[in-house]
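This report describes one protein model, from a few single residues up to the whole chain. Look at the sequence and the structure first, then read on.

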Amino acid sequence: MAHAALVSLLRTLEDSPQPMQHVLSDLHHKVGCLLGILEVDSSRKSSLSIKDFEGRIRDASFEAQDIIESHISTDQQELSKSVSSGVCSCFWDIISAVQDMFPAIHLCETWTDSMYQGMNLEVKGLKRVIGELDLILEAMSKIKDGKEEAPGAGNLWVAGASRSVAGNESAPVGLDQDLFHLKDRLTGSSSNLDIISIVGMGGIGKTTLARNLYNDPLIEDRFDTRAWVVVSQNYHVQEILTILVNSTRQDGAQVHKKSVDELAVRLHKNLKGRRYLIVMDDVWDVKAWDEVKRFFPDDNNSSRIILTTRQSEVAMYANHRSPIHHMALSSPESSWDLLRETIFGQEDCPYALQEIGWNIAENCKGLPLAIVVTGGLLSKDSKEEDWKRIAQDVKSAIARNAGDQFMEILSLSYNSLPHHLRSCFLYMGVFPEDYEIFVSQLIKLWVAEGFIKPLSHKSLEELAEDYLSNLINRSLVEVRRRNRNGEIKSIVIHDMLRELCLQKAQDEKFLQLMNSDHHVFPQGRNNQRRVSIQFNNFNHAVFTVVHDSYLHSLLCFRHYRTSFELVSVILSFRLLKVLDTLTIMLDELPIGIVELVHLRYIALWFGGEGRLPESIRKLWNLQTLVVYRTHLRNLKSDILYLPLNIWKMPQLRHLLFDRGFFPYPFLAEVIEKDAVVLENLQTLSDVKNFPCTKEVMEIMPNLKKLGISYVHESGTEWSYYEFNNFIYLQKLDTLKCEFSKDDGVGKRLPLKLALPLNLRKLTLQGCTISWENMTVIGSLPNLEVLKLRDFEFEGSVWEPNEGEFTKLKYLLIEESSLEQWHADYTHFPRLQHLCLSFCSMLEAIPPEFGDIASLEMIELYKCSTSVVDSAMLIQEDQQSLGNEGFRVRVNSYSDYFDSKFDTSLRKVLRAKSIRTLLMTNLAAQRFMEAKRRVY
């Protein structure tokens, strides 16, 4: 975690008050140098060269960061006391003025006990840290320049492939579909050389699948020659070529001690004119493929190469024109079949053990390596008690008996990660087992934790998305759900990989997990920097942490009612950067939170007075603020009123509320000289009656997501809100506008819209729109998702113009009085998903939709029989065109309500009060899941 610690320290140095940055310039320089060395080391794939220094770098970085942030926190408290007692001067203002007058004077040389009590201790601490970093930098520089050998470099050992645990070859249990599909590709009619990539996480069975293909009699007969080579992480081109040459020689003679060039010529000669099958197993790097690919001739004779890898990037690089074969986890049925065969072979499993065995197989979560290892712990002679003991905790059973070798196989993926991705991967351990991790929340947390090193051409969030894509491509996390336009919405991590996270996190002093298995903190402040609470004895657990600790992040994933003692303990963590207590229902906002000046991420759920204090501005580092209110039957009580000072917090990046009310920043009586442009603000949702004046839009120039709800109050014209000024938000990606009447009745009014061209997702609810404005929407060149809820068209017939909706992928029309719809494939050329709900007056879906080649699904909720019939006719047309995957789904009202629960928190809360929702644990769990999905 050296890289993450250095990046976090760098952020602290750059975000600290200006005078401190001057004083700490030497430390800043050394941190930059160390980061440079680590990043070069990552690019060389040789982390062993600096591994022995990583712990020292991490600990020194932690200490420096704690000293600096403790000083800032103390200084802020002193300032608050001074202001409250009428003293207007500030220590750092004075120091800054002195430095302006005498720039040659360095503050570190002028600090004395008489000037500031305790400052000498901090100076000595920083000098000690700088000295330690100097020693490390000197040693690492010598290794980098080749003047010294890295410690431990002579004892290199790399774990073997998963077959070392699972055996040399396994029966193809549960692989029937994979084998059928890949045999078809191996024996297909294409005469071109085809590279077939098999991709999946460690232990999923890539080698087993490839081996069964390789040894299949039909495949043996088809190819003139075959060869198998294991590449691995630490490969040598000479060894790879030697194996391939010896495997493909027609005379059977063996070659030894040949140069790479000689081997390359011989390999090409051996393969020329022959139909060959080459398996390159366990490829980790595109460079390995580059080293050998030119030696494989393409003679248009249907030769094939199978490549197995954990990394999608490698597969895409090897052959971007051919589809990748992604291996899926085994089904529960296949898992049980594999476990049973591993233990009993061809014999039957005793009836008394079948249910227990099924549970054991299911707890392996579909990972064949875990199933085979678990099967090896049992035998057909094992007692029922042994089976029950393993069924209680499969992970612990594996750890006790085959843990080192099993984890070493999974660790290969972790060890191959570049330094900047390791902390992001280990952060997956923060979340509970089987937890659906929402990408938008994860990215905000990564940014707040300081894991993302800034680059000038991309935002931190964009860089974080790249990091996540890298982890997905490396088969370390799995996509669970996608948004309507195909973007990744949520991910999951396999239990065994999560166990790897927790082991590495403990080794790296990265994370302390508190659940039923882990609830005692190790000694030492560096083991308490990040805590995830995942069990119900929360009050007792928190009190085991000493007050005023060095805790930087506290995340809670269980449901509690608050207490005064609990709040006071949380507020004692002066260095806290991340506070996520969205599952804790606070009686009121803890006012002391504004003293935690290092907070970057806050997620709270509280009742009481719905008003943030003006002192919120003290949180000058705050990036993300997520606040939900206790919903009662009176909807007005859930509004959160924000102070005017919210406009003076330039670090803000994401503001999310169930219902927030912003003061208008440009009233004459509140304009102040220190008002700022919120250049970093990217998300603002959900705010009430937000006036979209040009001036307001211009102080949020980089806003990407905006959610607004309007309650039309009597005496206020719709024009007051100036909807035409959305066009000034040039980077706006997602816009959601909801309109309603204060009394819930009355005709909805037409709107004048002007929308930015970059808009990709648009939701309009509760409004009537003219055909002119529908043309404005349809003409948006990048629009991919359009949701029209409780929506009225100007007339009963909709006929889009040609050239509109050119990129639209998802269209929802809900609760509309639309009667006739005339359109064809030219109006929605890329439509993939059409959803109609409560459109009882609509006569039919345009039959020409049967010609839209991209269409994948039509969903209907409470629509007329004629609409359902038209959808079925479209399905016939789609299938006649070869689109066998096209589906029509006709859902009941209960199905519809359940889906709305999953995607719209506020809709549900209007139907039921929070007190009703919390009647059962299940309802509470679903409520909190819905809350997190609003991210």
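A residue counts as buried when its relative accessible area is under 20%, as exposed when that area is over 50%, and as partly exposed in between. The model shown here is predicted.

Is Asp851 buried or exposed, or does it fall in between? Asp851 has a relative accessible area of 45%, so it counts as partly exposed. This residue sits in the loop that runs between strand S28 (833–837) and strand S29 (857–861).

**A buried loop residue**

Gln623 also belongs to a loop, the one between strand S14 (601–606) and strand S15 (624–629). Its relative accessible area is 3%, and therefore Gln623 is buried. Which residues does Gln623 touch, not counting residues up to four places away in sequence? Its partners under that condition are Arg11, Val447, Ala448, Arg600, Gln651, Leu652, Arg653 and His654.

**Backbone details**

Lys365 is placed in the loop between helix H17 (351–363) and helix H18 (368–377). With a relative accessibility of 25%, Lys365 is classed as partly exposed. Asn689 lies in the loop between S18 and helix H27 (694–698). Asn689 is buried, because its relative accessible area is 9%.

Strand S18 covers residues 683–688 and contains Asp686. The peptide bond leading from Ser685 to Asp686 is cis, and its omega is near 0°.

| Residue | Relative accessible area | Class |
|---|---|---|
| Asp851 | 45% | partly exposed |
| Lys365 | 25% | partly exposed |
| Asn689 | 9% | buried |
| Gln623 | 3% | buried |

**The whole protein**

How many helices and strands does the protein have? There are 33 helices and 30 strands. The protein has 935 residues, and 54% of them count as buried. Its accessible surface comes to about 41,100 Å², and carbon and sulfur atoms hold 49% of that area. Among contacts in the protein with a separation of 6 or more, 65% are between residues 24 or more positions apart.

How values were computed: Residues are numbered from 1 along each chain as its sequence is written. This is a predicted model: local features need pLDDT of at least 70, side-chain atom pairs count only at pLDDT 80 or more; totals for chains, interfaces and linings use all residues. Side-chain values use heavy atoms; hydrogens and water are left out. Helices (H or I, at least four residues) and strands (E, at least two) are DSSP runs, numbered from the N terminus. Buried means under 20% relative accessible area, exposed over 50%, partly exposed in between (1.4 Å probe, protein chains only). Contact means heavy atoms within 4.5 Å. Accessible areas come from the Shrake-Rupley method with a 1.4 Å probe; for residues, only the protein chains shown count as cover.
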